[in-house]
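Subject: Structure for your review

Dear colleague,

Please find the structure below, followed by a summary of what was found in it. I would be grateful if you would read the two side by side.

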Amino acid sequence: MLAKVVKYRWQYLMIAPAVVLLFLFSYIPMAGIQVAFKDFHIGLTIWNSPWVGLENFSFLQDDQFWVVVRNTLWIALLKFIFGFPAPILLALLINEVRHTGFKRFVQSVSYLPHFFSWIVVAYILQSMLTLDGGLVNQFITNLGGQPIFFLGSTEWFRPMIVVSGLWKEIGWNTILYLAAITSIDPQLYEAARVEGAGRLAQMRHITFPGILPTVSIVLILSMPSLIAVGMDQIYPLMNPANQPVADVLDTYILRNGLQQGYFGTATAIGLLSSAISLLLVLFTNRISRKLNGEGLW
Amino acid sequence: MKLSASERTGQILIIVLLSLLCVSVLYPFLYMLAISLNVGSDAANGGVYLWPRKFTLYNFQVVLGNAVIRHAYLITILRTIIGTIAGLLVTLLAAFGLSYRGLPLRGTLLGYVLITMLFSGGLIPFYIQLYNLSLVNSFWVYIIPSAFSAWNMFVMLKFIQGIPDALIESAELDGAGPLRVLGSIVVPLSQPMLAALGLFVAVMHWNDWFAGAFFVSDQNLIPVQTFLQHLLSAQDVSTVLGSNNNIEALARGSMLENITLMSIKMATVMISAIPILCVYPFLQRYFVKGVLIGSVKG
């Protein structure tokens, strides 16, 4: 054994930085979860701060917390309902385009927003939706309507998040589906044509079943981020006016923890949401294996 | 091939739908560019939709003349370069080391990496750790914690395992050690993969605003995206640019009245986005390749 380890010393040396980084930035923070059960503040170490039992979980009795949970679930649900099938539909549409040049163009353009930060997207929303001179409101007033304060409204917040999320990622998320479509055996289509199947029938009976395994993989992979509904996306757009619907678990943790210094409470909430994510992954993987005989592991 | 009438209507419908999608993506950029190239006070009257009506480079002059923005830009460029090199290096080395199937404890090490993808301590314990390591309020908070990516490592690992064993074995027979194998076989053969992953890492660094907003309070360390995030909710121009000499110099030029908060914002956001818009057409295929190698099974 020792001889073997010596033989592979270079490989161990190469892996070492990664092992150390993971230890420092993943494993120690995992041990840091004990802060959820401790009275911690900056100046103490996580090891010598006193245990307080479940005191930090008193947020469970806080009405505000349940509003935040409801907001999180709403946004997660809406983003999932619209965000999951949309790229599949788009991939099917792009696949139907006969003109190769146009097809390439659509793909290139639709991937583009993926490469901009959510901050840039927030600016785009601001420039389009703001009250003074925003394009959409100019349009509404020109038609004789009343301008809408989209960025500070509680009714428009969720649609805004869903639409901007779609806009940013729909194209990018088609890449895998388009690749899956190209790997479908062309003979299947030929056979279907001989049988007299039209384009729609081919789409339904060949293309769609052909990409189902990919769909299920993407589904599993999307689970961990389901509850983490995009601090990246929501935080920049949140303001006092829309906070009643915009405040989600991530922003709540941020505010309580980093901004107000309630480290224990914020860690406890984080622990809860990490646990839910983990369960979601394990659960979807199991379902996928039952249905398709194929999971991630 | 001749299309039937119904197929032709189908094609037209699809082309219209997809064109609308393209317009919805491209138009906001053209609009923001037009506003940023228009005299601010004039744009505020509305009616600028596609082209600047009163063309000026003044908004860009103001933005680029601002020391805070220039400094933020410098930080962004620095962290993107250093962060990308560090990220690729650590990730490639780990993937290469783990690609040796005979490596003792290989399964354990793979598990060690995999677990971190499934479960994390969450933001607060992570922050406390950054604090304990004195990374809070340091430039290195941008580089070190993200130098290894488990996800990219697995992509890289899969790619390396796709390199024919015979190639590596024959090199080893000729007496090449692991370093030699890495340098003369794996790296040259992985260039497309390294390019794709490098681009992903670079874009991540370029676009990240979160670390700058929460792990750093020194204004000299914030990157451009964090500056933009502060600017997003600004109420008037002076909060943006500060009351430094710069503004006075501008006021003396009596042009200050021509800029508006919106025109300044649009110029700043364009400056953060233009580099990506410029390189995107050339790099796009690498990105796509990266995603495909990384995720398609079988």
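What is the helix content over residues 109-128 of chain B, and how far apart are the end C-alpha atoms? Over that stretch chain B is 80% helix and 0% strand, and the end C-alpha atoms are 26 Å apart. Helices (H or I, at least four residues) and strands (E, at least two) are DSSP runs, numbered from the N terminus.

A note on the conventions comes first. This is a predicted model, in which local features need pLDDT of at least 70 and side-chain atom pairs count only at pLDDT 80 or more, while totals for chains, interfaces and linings use all residues. Residues are numbered from 1 along each chain as its sequence is written, chains are lettered from A and ligands numbered from 1 in the order in which they are written, and side-chain values use heavy atoms, with hydrogens and water left out.

Annotated segments

UniProt positions are given in the numbering used here, feature names are shortened, and annotations may be inferred rather than shown by experiment. Residues 181-206 of chain B are 96% helix and 0% strand, with end C-alpha atoms 32 Å apart.

Residues 73-93 of chain A are 95% helix and 0% strand, and their end C-alpha atoms lie 30 Å apart. For residues 262-283 of chain A the values are 95% helix, 0% strand and 32 Å. UniProt also places "domain: ABC transmembrane type-1" (unreviewed entry) at residues 69-284 of chain A. Over that range the chain is 74% helix and 0% strand, and the end C-alpha atoms are 21 Å apart.

The interface between the chains

Chain B and chain A bury about 8200 Å² between them, 80% of it on carbon and sulfur atoms. Buried area is the accessible area (1.4 Å probe) that two parts lose on being put together, summed over both. On the chain B side, B:Tyr112, B:Phe119 and B:Leu232 lose the most area to chain A, together 9% of what that side buries. The contact takes 90 residues from chain B and 87 residues from chain A, where contact means heavy atoms within 4.5 Å.

Not counting residues up to four places away in sequence, B:Glu7 touches A:Arg98 and A:Arg199. Its relative accessible area is 26%, so B:Glu7 is partly exposed; buried means under 20%, exposed over 50%, and partly exposed in between (1.4 Å probe, protein chains only).

The cavity

A search of the whole structure finds one cavity of 30 Å³ or more. A cavity is a set of points, on a 1 Å grid over the protein atoms alone, where a 1.4 Å probe fits but cannot get out, and lining residues have an atom within 4 Å of a point. About 30 Å³ of space lies in the largest cavity, the volume being the space filled by probe spheres set on the points, which are joined across faces, edges and corners. Its lining consists of A:Ile15, A:Ala18, A:Val19, B:Ala94, B:Leu98, B:Leu109, B:Val113 and B:Phe148. Helix H2 (9-31) of chain A, with helix H4 (67-98) and helix H5 (106-118) of chain B, are the elements that give two or more residues to this lining. The largest share, three residues, comes from H2(A). By class, the lining has eight nonpolar, no polar and no charged residues; Ala, Val, Leu, Ile, Met, Phe, Trp, Tyr, Cys and Pro count as nonpolar, Asp, Glu, Lys and Arg as charged, and the others, Gly among them, as polar.

Individual residues

B:Asn38 is in the loop between helix H1 (5-36) and helix H2 (40-43) of chain B, and counts as buried because its relative accessibility is 0%. B:Leu105, in the loop between H4 and H5 of chain B, is not a glycine but has a positive phi of about 70°. At 52% relative accessibility, B:Leu105 counts as exposed.

With kind regards

Key
On a 1 Å grid over the protein atoms alone, a cavity is a set of points where a 1.4 Å probe fits but cannot get out, and a pocket is an open set with protein on both sides within 12 Å along at least five of seven lines; lining residues have an atom within 4 Å of a point.
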